[in-house]
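Me: Can you walk me through this model? I'll jump around a bit.
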Amino acid sequence: MRGTTVLPGTPCLEPKPGELPLHRLEVAGPQAPPFVVGTFDAIGPLSHAPFPHRHTFHEIVHVTGGTGAHVVDFTRWELRPPLLGVVEPGQVHHWDVRRLTGVVVVFTDDFLLDPADRDILRGLSEQPCRPLDERAHDRMSRLIAELDEEFRHGGPGAESVLRALLHVLIVRAGRLPGASGSRKPARVQAVAAEFARRMARPDPGPWSVREHAELLGVTPGHLTEAVKAATGRTAAQLLREARTREAKRFLLHTGLTVRQVANRVGFTDPAYFCRFFRRETGLSPGDFRRGIHHD
């Protein structure tokens, strides 16, 4: 996926004023697969960056030790290892931790073996720190160790093996108690999944269902039905949630004015944006920025 990976030593892009740092996946060479696995220490400080940032890639973390918290978007998740965490492309997160140990698995969308895995990952990312019991911890440890071994020492066909093992990891993670990831009927999955991917991007694009439907080559009614069947919610609801989430991120993590935030999420009238934000959150943009924002 163009622009999501970089070669070793490539500096991070300098964020524009009002933007958040965007980390791309560092791979070994131009032909290397968009997949990396390793310990937090081996991957380096950016694997547990203490400042708010986004990724162009998926991240699965298997935390085996440490204290502190993982902050994802607007929620602070206290660490109680062992646990499994998932961060989606576009989510804003950072680590406030001490003595963190564990393994990180990172990969882009196009490395997934089964497109339905995106739906599982999306569901898992709604609870980015999921405690593991002894049996689940042991199974995850063995599977991730096998991924790591194949990544470092695999021979011919290693990429296929890695994709297969990653698929197993995602499916098994989706079976964990409380996980909401699930597989949907194939005919609605493609449209609903593409719409959900757009909603997860740092810039979801247009802010109307009609425009998204045109970009996807379907009617607004078909898009609404597909998204409703796949998620239980309407496309308009998801669009409002994405718009509100982006506004919260700008208010919480940047110094942009309310007028500038309104413009970033598609409102030409700041007063209308304030009414929209209050209707969706119960708070004015100013109150959210000053007050309680960890919902």
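Me: What does a side-chain oxygen of Asp133 reach at the start of H3?
Reply: The backbone nitrogen of Arg135, to within 3.2 Å. Keep in mind that this is a predicted model.

Me: How many residues has H3, and how far does it reach?
Reply: H3 runs over residues 134-153, which is 20 residues. From first C-alpha to last it reaches 28 Å, close to the 28 Å expected at 1.5 Å a residue.

Me: Which residues of H3 are buried?
Reply: Ala136, Met140, Leu143, Ile144, Leu147 and Glu150. Seen down the axis of H3, those buried residues fall within an arc of 115 degrees, so they line one face of the helix.

Me: And which exposed residues sit on the face turned away?
Reply: Glu134, Arg135, Arg142 and His153 are the exposed residues there.

Me: What covers the buried residues of H3?
Reply: The cover includes strands S4 (35-39), S6 (58-72), S8 (83-87) and S9 (93-107). Helix H4 (158-174) is also among the covering elements.

Me: Let's take S6. How many of its residues are buried?
Reply: 13 of its 15 residues, so S6 is mostly covered.

Me: How many bridges join S6 to S9, and which way do they run?
Reply: 13 bridges join them, and the two strands run antiparallel.

Me: What about S8? How many bridges join it to S6?
Reply: Five, again with an antiparallel run. Val61 has Gly85 of S8 as its bridge partner.

Me: And S7? How many bridges there?
Reply: Four bridges join S6 to S7 (residues 75-78), and these strands run antiparallel. Val71 stands opposite Arg76 in S7.

Me: How many residues lie between the strands in that hairpin?
Reply: Two. Asp73 takes a positive phi there, near 55 degrees.

Me: Where else is there a positive phi? I'm thinking of just after H6.
Reply: Gly217 has one, about 75 degrees.

Me: While we're at H6, which residues are buried?
Reply: H6 covers residues 209-216, and Val209, His212 and Ala213 are buried in it. They cover an arc of only 100 degrees around the axis, which puts them on the same side of H6.

Me: What is exposed on the other side?
Reply: Glu214 and Leu215.

Me: New topic, Lys228. Where is it?
Reply: In helix H7, residues 220-231.

Me: Why does Lys228 count as partly exposed?
Reply: Because its relative accessibility is 43%. Buried would need under 20%, and exposed over 50%.

Me: What does Lys228 touch, leaving out residues up to four places away in sequence?
Reply: Arg233 and Thr234.

Me: How far apart are the C-alpha atoms of Lys228 and Leu238?
Reply: They are separated by 10.0 Å. Along the chain the two are 10 residues apart.

Me: Now zoom out. What is the secondary structure of the protein?
Reply: 11 helices and 10 strands.

Me: How much of the protein is buried?
Reply: Buried residues make up 47% of the 295 residues.

Me: And the accessible surface? What does it come to?
Reply: About 14400 Å², with 53% belonging to carbon and sulfur atoms.

Me: Last one. What share of contacts with a separation of 6 or more comes from residues 24 or more positions apart?
Reply: 69% of them.

Definitions and conventions: Residues numbered from 1 in each chain as written. Predicted model: local features only at pLDDT ≥ 70, side-chain atom pairs only at ≥ 80, totals over all residues. Heavy atoms only, no water. Buried < 20%, exposed > 50% of the residue type's maximum accessible area, 1.4 Å probe, protein only. Contact = heavy atoms within 4.5 Å. Areas by Shrake-Rupley, 256 points an atom, 1.4 Å probe, with all protein chains shown as cover. Expected span 1.5 Å × (residues − 1). Arc of directions from axis to C-beta. Polar contact = N/O pair within 3.5 Å; in protein donor to acceptor, adjacent residues only side chain to side chain. Pairing = 2+ DSSP bridges.
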